Amino acid sequence: MKKILVIDDDEGILEAMRLTLVTAGYSVETLITDGKDIIKKVKNVSPDLVILDYLLSGQEGKNICKQLKSERSTGKIPILITSAHPNVEKLAVEAGADDFIEKPFDIDELLNKIKKNILL
Amino acid sequence: MFREIADSVPAMIAVYNIKTEEYVYVNRAIKKLLGYTPSDFTKKGLKFVSSLVHPDDMSRLLLENSKALREANKKRHSSDRNPIVSFEYRMKHKNGTYRWLHTDGSVFFRDEKGKVESVLNASLDITGRKEIEEKYKKIAEELEERIAERTKTLEQSEKKFRALVEKSWEVVALVDRSAKILYATPSMIRLFGRDYKEFLGMSGIKFIHPFDVPLVLKTLARLILKPKSSETLELRVRHKDGSYKWIEATGTNLLNEPEVGAIVVNFRDITERRKAAEELLESEERLRIATEAGQIGIWDWDIVNNRITWSDRLFEIYGISKEDFSGTVEEYLKTIHPQDVKYVNSLIKKCLEGKAEYKVEYRAFGKGGSLIWISAQAKVIFDSKGKPLRMLGACFDITARKEQEQRKDDFIALASHELKTPVTSLKLFTQSLNKRFKKQKDHELGGYLSAMDRQIGKLVNLIDDLLDVSHVRSGKTNYKMEQFSFSDLAREVSQNIGSIAKKHKIIIKDRSKSDVVADKERISQVLTNLINNAIKYSPKSNKVIVSFEKDTRSLIVSVRDFGIGISEDDQERVFDRFFQAANPKRNTFSGLGLGLYISKEIIDRHGGKIWLESKEGKGSTFYFTIPNKRN
């Protein structure tokens, strides 16, 4: 079973994502964060895909994305960035993200993006 | 006895024997007159005396002498002692100078046949008189010359004057004390459209605007009472075509001058000046009212001299002291934010050419260099030839309003953003649950969740609109230009809408190839908006027609409905922010009234146009264009 780690600062999103992804047949880990120790936690979970909110309170998703991509142990994990701001797409790609999805999104849209990017 | 008498007179007396050509007698006065002694003449004879005569006078002397002798010889026995000849001539004095002499010659002695044998010449020195005469002659000549010159100048200036009077725009008329026209220059025709001859003998009052007649009569009466006085007034006169022209007339009372004997009236057309002045007065009045009403600063730019005058309020707005403001347009432009100055400057230029209206909002520097927003409006005043003379403007500090707008936009952006997060969760929950129920074949609950999802969809659209408005206002929206088939997009959009709005049939008529380069999502938004509106405002109809056609310049899209239509007044405002078509039963139509505003912004950003045609009760057709571009 593929494992997905969802990182967001909103509890509602995390719960909805858990329900969605579990229903779709994935193993889900969620991480509510104020931006601290994210790298360490990603390493511990070792997911097949990370869904990362771009604007996390305390630390920008951009920096986390860059850091994850630069580390040897996490560099190969696909990262899907989410944001309510449409203009973030370009910034997300620049930060090394594999894909971007704008909030709010439909389930099918999300699942398609996951299928496209998840490590096989 | 004779000698004694002769010697005692101041005149030179000489007796000359014609036959012997000798001077028989010369008195002593010769010494005084010519510096010689009597014996110098009596001994040396005619030859010597002749040599003393001025060469210029010689021939005249001889001629007159012989003529006089011939005459005298004819009257043989006359004993007349009166002079037979008198002449004035010059003789050389012993000192070498010439003296003017006046000589009377008379018969002194006749021979036995009665022929003149000797003559008596009495001569007076008239040099002094001659000199004076010469002087006067010279003066007279000079005077004559001067007079001739003056006459010539006068003739020339008279010619000039006549040309000036007859050909200039200035009209000169002579009227009598009852304002009857005695004379008028041909230039009258320009003012009155009638030949000046038509005026002769008529009362000038007939051509004056009835409102101005009392003033003219009063002025005329005052003028007549005071000879040589002048009065100037502005009045209206009637042109042949019935229109009135403003003239400035100056009357001068020359009734008592014998050469004139009339009141001289000079006047000229000041219609243009009056018009400009009236307009100025009007706009000044308007500005004054506006200024008092709303803290507006006014400025007056004298374009000819490049001088700007600011009202006190403007000095306050810009935080500049009166001493620090040089009053040139360049100085004024310095107050404007560097990013806006180019636009303002080019707009001013266009206005001076009469090609634009000065109505602008820009950023400027206020007190202590703080950023302020200025709303400005101005009017250019042109002369009759279309040359700009003045620019009158009003500036209003709209910083507070702009800040409020900015805060509002910021708030809308933040709020819509914050709304998105819970909506995202809501959507995921709804759709996940729907999937689960469908798996479990619970169609009833699944159906409710589908309905719930549609409502969430509407909520998402509203949030998107709000976010769009705030982004549009701050210019943040990025456009992703790509090539796509508009035909495909139209079908996609109509399918999406059709799945919700079941009553209306969306008919697509494509007449040409429809590849465009644009932001696909944005154009989809515009089309969705227009079709949704068409459905929303045609509750009693069952179709909407979407057609599009490509020409050399752009793709033209139209969305036609058969609904309630839009009144003419509203047609201009439908693209305004927060506008909603007025409806007797208000609140019948939902929405924030942002759709068309956003659509217009999107089409504008693509360089296209959006407009509508509508008739109340018949329906509306909205059009928009997407310019052809290469990807």
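In the predicted model, B:Arg90 and B:Asp57 form a salt bridge in which the closest N and O atoms are 2.9 Å apart; a salt bridge is a side-chain nitrogen of Lys or Arg within 4 Å of a carboxyl oxygen of Asp or Glu. B:Arg90 lies in strand β3 of chain B and B:Asp57 in helix α4 of chain B, so the pair ties together parts that are 33 residues apart in sequence. Helices (H or I, at least four residues) and strands (E, at least two) are DSSP runs, numbered from the N terminus. Over all chains, the count comes to 35 salt bridges by this rule.

Residues are numbered from 1 along each chain as its sequence is written, and chains are lettered from A in the order in which they are written. Because the model is predicted, local features need pLDDT of at least 70 and side-chain atom pairs count only at pLDDT 80 or more, while totals for chains, interfaces and linings use all residues; side-chain values use heavy atoms, with hydrogens and water left out.

Between the two chains, 24 residues of chain A are in contact (heavy atoms within 4.5 Å) with 21 residues of chain B. Chain A and chain B bury about 2,000 Å² between them, 62% of it on carbon and sulfur atoms; buried area is the accessible area (1.4 Å probe) that two parts lose on being put together, summed over both. The rule finds four salt bridges across this interface. The side chains of A:Glu89 and B:Lys480 meet in a salt bridge, at 3.9 Å from N to O. On the side of chain A that touches chain B, α1 (11–23) and α5 (107–117) of chain A each supply at least two residues. The largest share, nine residues, comes from α1(A). By class, this side has 12 nonpolar, five polar and seven charged residues. Ala, Val, Leu, Ile, Met, Phe, Trp, Tyr, Cys and Pro count as nonpolar, Asp, Glu, Lys and Arg as charged, and the others, Gly among them, as polar.

The second largest pocket holds about 560 Å³ of space. On a 1 Å grid over the protein atoms alone, a pocket is an open set of points where a 1.4 Å probe fits, with protein on both sides within 12 Å along at least five of seven lines, and lining residues have an atom within 4 Å of a point. Grid points are joined across faces, edges and corners, and a volume is the space filled by probe spheres set on the points. Of the 29 lining residues, B:Tyr16, B:Tyr23, B:Leu46, B:Asn65 and B:Asn121 are the closest to the pocket centre. The largest share of the lining, seven residues, comes from α4(B).
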